[in-house]
Amino acid sequence: MTVLLGPAGARRGVMSALDDASGRCASGHASVRVHRLAARDGDGVRQRLEAIEAVAGQDATIVLVDRFTDGLPAPDRRRLLAALRPVAIAGRAVLVDDTDPVAALAVADGALRADPAGGLTPEPLGVDLLAS
């Protein structure tokens, strides 16, 4: 699971630039299924957990988690982000843009920093941060 970091506008730009219909394998020749998780206004925790379960049952290779915890209190955001771990562990690439990147980092395997120009840079996590 990879979390987007950086200014909110830059993160939103990255997520909106990703096309749900054009995922490609590493060699670029075959398409892969992409699923975007985004909450609708009024969706509570139960509806969002059901959406995560539905994605886990699909064969999407890439899952884009687009501000899925917006509008929820911190404990519910953490619960939903933790519920995404099994989706990522199942071999899917999961990219998360969340209003609470600190909570998302708690369950992440990696991070990318988005800049206002549209660039992405890998961000070190874990023990690497302590060394710098």
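Trainee: In which sense do β1 and β4 pair, and over how many bridges?
Mentor: This is a predicted model, and in it the two strands β1 and β4 pair in the parallel sense over 2 bridges. Thr-2 stands opposite Leu-95 in β4.

Trainee: What order do the strands of the sheet take?
Mentor: The open sheet has 6 strands, in the order β2-β3-β4-β1-β5-β6, and its pairing is mixed. At the edges are β2 (34-37) and β6 (120-123), each of which pairs on one side only. On average, neighbouring strands are turned by 25 degrees against each other, direction ignored.

Trainee: Switching to the helices: at roughly what angle do the axes of α2 and α3 cross?
Mentor: Roughly 10 degrees, and the axes come within 10 Å. Angles under 35 degrees count as roughly parallel, so α2 is roughly parallel to α3.

Trainee: And which residues meet there?
Mentor: From α2, Val-45, Arg-48, Leu-49 and Ile-52 meet Asp-76, Arg-79, Leu-80 and Ala-83 of α3. That contact has 5 nonpolar, no polar and 3 charged residues.

Trainee: What about the largest nonpolar core, which members touch the most others?
Mentor: Among its 25 residues, those are Leu-37, Val-63, Val-65, Leu-84, Val-94 and Val-96. The largest share of this core, 4 residues, comes from α2. A second, separate core has 8 residues, including Val-14 and Leu-95.

Trainee: Leaving aside neighbours within four places in sequence, what is Val-96 in contact with?
Mentor: Its contacts include Val-3, Val-65, Leu-84 and Ala-104.

How values were computed: Residues are numbered from 1 along each chain as its sequence is written. This is a predicted model: local features need pLDDT of at least 70, side-chain atom pairs count only at pLDDT 80 or more; totals for chains, interfaces and linings use all residues. Side-chain values use heavy atoms; hydrogens and water are left out. A nonpolar core is a set of buried Ala, Val, Leu, Ile, Met, Phe, Trp, Tyr and Cys residues joined through side-chain atoms within 4.5 Å. Buried means under 20% relative accessible area, exposed over 50%, partly exposed in between (1.4 Å probe, protein chains only). Contact means heavy atoms within 4.5 Å. Axes are lines fitted to C-alpha atoms, for helices over the stretch in contact, and angles run from 0 to 180 degrees between N-to-C directions. Angles under 35 degrees count as roughly parallel, over 145 as roughly antiparallel, 65 to 115 as roughly perpendicular and the rest as oblique. Ala, Val, Leu, Ile, Met, Phe, Trp, Tyr, Cys and Pro count as nonpolar, Asp, Glu, Lys and Arg as charged, and the others, Gly among them, as polar. Two strands pair if DSSP finds at least two bridges between them.
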